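Notes are in the order I went through them.

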Amino acid sequence: MRVSRLFAALLVVPLLAATAACGDDSASASPFGGCSSLGGAAAPNDLPDLSLPCFTGDASVSLRSLKGPAVINMWASWCGPCRAELPVMQKLSDSGKVTVIGVDTGDTRENGADFASGKGVTMPTLFDADQALLHKLDRINLPTTVFLDANGKSSVHNLPLDADTLAEQVDKLLGVKVTL
């Protein structure tokens, strides 16, 4: 399976860090805020008990191990509204205020890579060809965004988010002020 070289190059560092979440605590420069910020002693979150593979590798990340505040954005190359929303999610990731994780959903790696590279995506991204997370959340449409607060409580949003609405939701649901 061919993955766009540009996209693979853009995601190597963030996704290797996500891979570190699966057991290597030496990844202190992780865009996840370090391996220790992904799980551990904190109360478990209420996300589905599901592990998804990193986009560019075979290692998996357990969603239950993620700590908030975080935003998990499910997208696909074939999703029209995702085309406008994904760059906004990347801006949120670039702000460094919350952890932002993309999940390429119901897609092929090649199509996802081509689409994301064209949108300048560098945030950590997981791969969910079977739409397992979407189904476990009882959703059918993309884009779908999950907001995970610092206490592990999640809220699901099913409409495309523009910059202003995303900033409002991050403030309201996560208690973090951002300007996008």
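What follows are my entries on the overall fold, the sheet and the cysteines.

**Ground rules.** I am working from a predicted model, where local features need pLDDT of at least 70 and side-chain atom pairs count only at pLDDT 80 or more, while totals for chains, interfaces and linings use all residues. Residues are numbered from 1 along each chain as its sequence is written, and side-chain values use heavy atoms, with hydrogens and water left out.

**Overall.** I looked up the secondary structure and found five helices and seven strands. These are DSSP runs numbered from the N terminus: H or I of at least four residues for helices, E of at least two for strands. Going along the sequence, I read the pattern α-β-β-β-α-β-α-β-α-β-β-α.

Next I checked burial: 48% of the 180 residues count as buried. Buried means under 20% relative accessible area, exposed is over 50% and partly exposed lies in between, with a 1.4 Å probe and protein chains only. The accessible surface (Shrake-Rupley method, 1.4 Å probe) comes to about 8,200 Å², and carbon and sulfur atoms hold 50% of that.

I also looked at contacts, meaning heavy atoms within 4.5 Å. Among those with a separation of 6 or more, 66% link residues 24 or more positions apart.

**The sheet.** In which order do the five strands of the open sheet lie? I get β5-β4-β3-β6-β7, with mixed pairing. Two strands pair if DSSP finds at least two bridges between them. The edges are β5 (125-128) and β7 (154-157), each pairing on one side only. Neighbouring strands here are turned by 20° against each other on average, direction ignored.

I zoomed in on one pair: β3 (residues 70-75) and β4 (residues 99-105) run parallel and are joined by six bridges. In that pair, W75 stands opposite D104 in β4. Helix α5 (residues 163-174) packs on the sheet, where α5 touches β3, β6 (144-148) and β7, and its direction makes about 35° with that of β6. For such angles, axes are lines fitted to C-alpha atoms, for helices over the stretch in contact, and the values run from 0 to 180 degrees between N-to-C directions.

**Cysteines.** How many disulfides does the rule give? The count is one disulfide, taking a pair of cysteine sulfur atoms within 2.5 Å as the test. The partners are C79 and C82, with sulfur atoms 2.4 Å apart. Their link is right-handed, with 80° about the S-S bond. Both C79 and C82 are buried. I checked C54 too, and C54 is buried, at a relative accessible area of 0%.
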